[in-house]
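Here's a quick briefing to read alongside the model. Have the sequence and the 3D view open as you go.

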Amino acid sequence: MNEPALLQAREVRKTFGQIEVLKGIDLTVQQGQVVSLIGASGSGKTTFLRCINLLEEHDGGEILLDGDPVGYTLSGTRRKRLSETKISAQRARLGMVFQQFNLFPHLSAIDNVMLGLTKVQGKGHSEAKDIAQHWLGRVGLAERAGHYPYQLSGGQQQRVAIARAVAMQPRLLLFDEVTSALDPELVAEVLGVMQGLAESGITMLLVSHEMMFVRDVSNHVVFLDQGKVAEAGPPSEIFGNPQNDRLKSFLGRFHGLFGRG
Amino acid sequence: MAPGTFLFEAWQARQSLLSGLGVTMLSSALSIVMATVLGIAMGVVLTFGWWWLRLLARLYVDVMRGLPLLVLILFTYYGLALFGINVPAFWAGVIALGAFATAHVAENFRGAVQSVPAGQMEAAKAIGLTFGKRLTHVILPQAVRRMLPPWVNTALEIVKGTTLLSIIGVVELLLSAQQAMARNYMIIDFYLLTAALYVAINFTLAQLGATLERRYSYLRY
């Protein structure tokens, strides 16, 4: 316990208006792990992910990134909200890939990847360009560097978005249902890239409905149900020997995929 | 060419007409630049400002949009003089036109920013860009493209609005033409000439806008 976990969430709560979306989530991600969040729509997976990089602010519990609370500092026991600049600095330690890609349409693929390198990390143009070109190569798009997003397919756009996130060398990469907006035949190319990243030791936390993929790449799987962790464990346990009834019925919908018909 | 023919009279009046045209173009250009710069700044305030700043900007926009332009021009010229602030007629006109159009540009900008998908701001946040950089590198380039068509409209309105400066004695195109008419009584001919010149200016502006729109057409989704 001398080294803090890369990400440690304790009792994380979030309320939108009257609706409590997160009812105390506990979750730990160790360096080099791939952790997956699964669960039905509305179970709070995406909200939890967004709380980690402050696209939403949690209103109870704590999220520690390398031991530092996310979004505030403690003076005594009082929480003081971080300045806008410090929040941006925290976000820069995390990468995020979105369901809708969210590439910048006015920038070419390589400029999308370079923007953070030059404007956040302060790298020079040529260094940033080399890094960006390297990562575009890693996602198989070296030849498309000069293309604008509208000239790319959904799968290609998402791969550029992955390159944009991973080029910043984040401590943790967040994936928010990144294949859900893709045509079925484009899903594999994106999952392939993610698998490659997972194998190269990049720490990842993903929300996904691709159960086969989750089972194959994850070290740890967390099943969220109605804003709570209903069951968590290694994929062999979660998929092979689920205990929780809601998890069983949730997985039942994917049964065909696991050949247990 | 004999005296009394249109071409002769137009040639006689050429210097005052050209100077009037120059005044129209200069006052338009200055007002457009002022409205664009201040309008975008105010649009940023309207969209992202602290609530009290937003309130002030909103008040400004609503007052300016509700006010007849002529009233604003008269106030800037005569009204300010009552408080001992003497602004030359030309500048009073430019300031009034610019201040008026600022409100329109600000509203257009706000609409344009809000039409940029929320995911753009989130992606910009996610890579760690600070607020200013999110604005300049991600939001503004997309918003500016979106506000181009209404911006061209505003620019055209400004050009036409400069005719109102004749009321406070600025000898712009309309007034210079009227002065020529006072000498030669060729009312229809000179009004037609004036009209043609305004249409020509505005047509050029609209073409410029269309060119810019094509230039940035890759900003689609």
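Predicted model: local features only at pLDDT ≥ 70, side-chain atom pairs only at ≥ 80, totals over all residues.

Residues are numbered from 1 along each chain as its sequence is written, while chains are lettered from A and ligands numbered from 1 in the order in which they are written.

**The hairpin in chain A**
- Strands S6 (residues 72-75) and S7 (residues 78-81) of chain A run antiparallel and are joined by four bridges. Strands are DSSP runs of E, at least two residues, and helices are runs of H or I, at least four residues, numbered from the N terminus; two strands pair if DSSP finds at least two bridges between them.
- Two residues sit between the strands of this hairpin, and A:Gly76 takes a positive phi near 70°.

**The six-stranded sheet in chain A**
- An open sheet with mixed pairing puts its six strands in the order S8-S9-S10-S3-S11-S12.
- Strand S8 (94-97) and strand S12 (228-233) of chain A are the edges, each pairing on one side only.
- S9 (residues 172-176) and S10 (residues 204-207) of chain A run parallel, with four bridges between them; A:Phe175 has A:Leu206 as its bridge partner in S10(A).

**Two domains in chain A**
- Chain A splits into domain 1 (1-93 + 172-261) and domain 2 (102-169), with bounds from an automatic or database domain assignment.
- Twelve residues of domain 1 are in contact with eleven of domain 2, contact meaning that C-beta atoms, placed from the backbone, lie within 7 Å.
- On the domain 1 side, helix H6 (residues 184-199) of chain A gives the most, with five residues.
- The C-alpha centres of the two domains of chain A lie 25 Å apart.

**Where chain B meets chain A**
- 20 residues of chain B are in contact with 23 residues of chain A.
- Helix H6 (118-126) and helix H7 (131-161) of chain B each supply at least two residues to the chain B side.

**The bent helix in chain B**
- H7(B) bends by about 50° at B:Leu148, and a proline, B:Pro149, follows within four residues. The bend is the angle between axes fitted to the seven residues ending at a residue and the seven starting there.
- H7(B) has 31 residues, yet its end C-alpha atoms are only 37 Å apart, short of the 45 Å that a straight helix would reach at 1.5 Å a residue. That expected span is 1.5 Å times one less than the number of residues.

Conventions: Contact = placed C-beta atoms within 7 Å.
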